[in-house]
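Welcome! Please take a moment to look over the sequence and the 3D view before reading on.

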Amino acid sequence: MDFEMNIAKIMIPKVSTVFLHENDTVRQGLERFTRHGYTAVPVLNENEQYVGSVTEGDFLRHLLASGSIDPKLQERSRIKDIVRRDFCPALPIDASYSEMIAAVGKQNFVPIVDGRNTLCGILTRRVVICYLDELVNAGASTKE
């Protein structure tokens with residue numbers, strides 16, 4: 001089953017997502033995580049290009065390594081010091097249905113990028129499941 005897929009139609013647009021910049025401080029990142037309750041977020045460079053993701057575990061490892069939870073101390077470190085560039089690989093906005101399914105099978109969210117690697121939005125496993133459910137239900141109602 002391979003059909004035309006328009007990721008742009010189902011992705012959560014960048015303006016509606018939470019992300020960090022490489023040059024944000026670890027303190028800023030911790031505050032954003034605390035406020036939104038996410039377990040991982042995309043990280044962008046100064047050109048809005050996707051560079052990797054950072055997780056709660058990355059922050060925890062950083063806090064343990066620094067030996068302090070003092071917010072002032074966390075202002076000295078940058079997100080670029082803890083981001084995992086190989087974690088949560090992005091998909092191009094024109095990725096195929098098969099590529100999309102494979103990616104959400106491995107990751108809870110998938111960053112979606114354009115040809116310049118600029119973040120366009122994210123695709124969550126939940127959004128994809130809801131989309132597929134709608135397709136199945138639409139197909140079932142046309143057969144009745």
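Below is a short tour of a sheet, a helix, the nonpolar cores and a pocket.

## Before you start

This is a predicted model, in which local features need pLDDT of at least 70 and side-chain atom pairs count only at pLDDT 80 or more, while totals for chains, interfaces and linings use all residues. Residues are numbered from 1 along each chain as its sequence is written, and side-chain values use heavy atoms, with hydrogens and water left out.

## The sheet

Let's begin with the strands. Helices (H or I, at least four residues) and strands (E, at least two) are DSSP runs, numbered from the N terminus. Two strands pair if DSSP finds at least two bridges between them. Four strands form an open sheet in the order β1-β7-β6-β5, with mixed pairing. Because β1 (12-13) and β5 (91-92) stand at the edges with a single partner strand each, one side of each has no neighbour in the sheet.

L91 has I112 in β6 as its bridge partner.

## Helix α5

Next comes α5, which spans residues 97-106. Its residues Y97, M100, A103 and V104 are buried (under 20% relative accessible area, with a 1.4 Å probe and protein chains only; exposed is over 50%, partly exposed in between). They lie on the same side of α5, because they cover an arc of only 130 degrees around the axis, taken from the directions from the helix axis to the C-beta atoms. G105 and K106, on the other side of α5, are exposed.

## Two nonpolar cores

A nonpolar core is a set of buried Ala, Val, Leu, Ile, Met, Phe, Trp, Tyr and Cys residues joined through side-chain atoms within 4.5 Å. The largest one has 13 residues, and I7, L91, M100, V110, I112, L123 and V128 have the most contacts inside it. At least two residues of this core come from each of α1 (7-10), α5 and β6; the largest share, four residues, is from α5.

V128 touches I10, M100, I101, V104 and L123 (heavy atoms within 4.5 Å), not counting residues up to four places away in sequence. A second, separate core has 12 residues, including L20, V43, I79 and I82.

## Of the 13 residues lining the largest pocket, Y38, A40, F109, I122 and T124 are the closest to its centre. β3 (40-44) and β7 (119-124) each supply at least two lining residues, and β3 gives the most, with three.

How values were computed: 1 Å grid on protein atoms, 1.4 Å probe; cavity = no way out; pocket = protein on both sides within 12 Å on 5 of 7 lines; lining within 4 Å.
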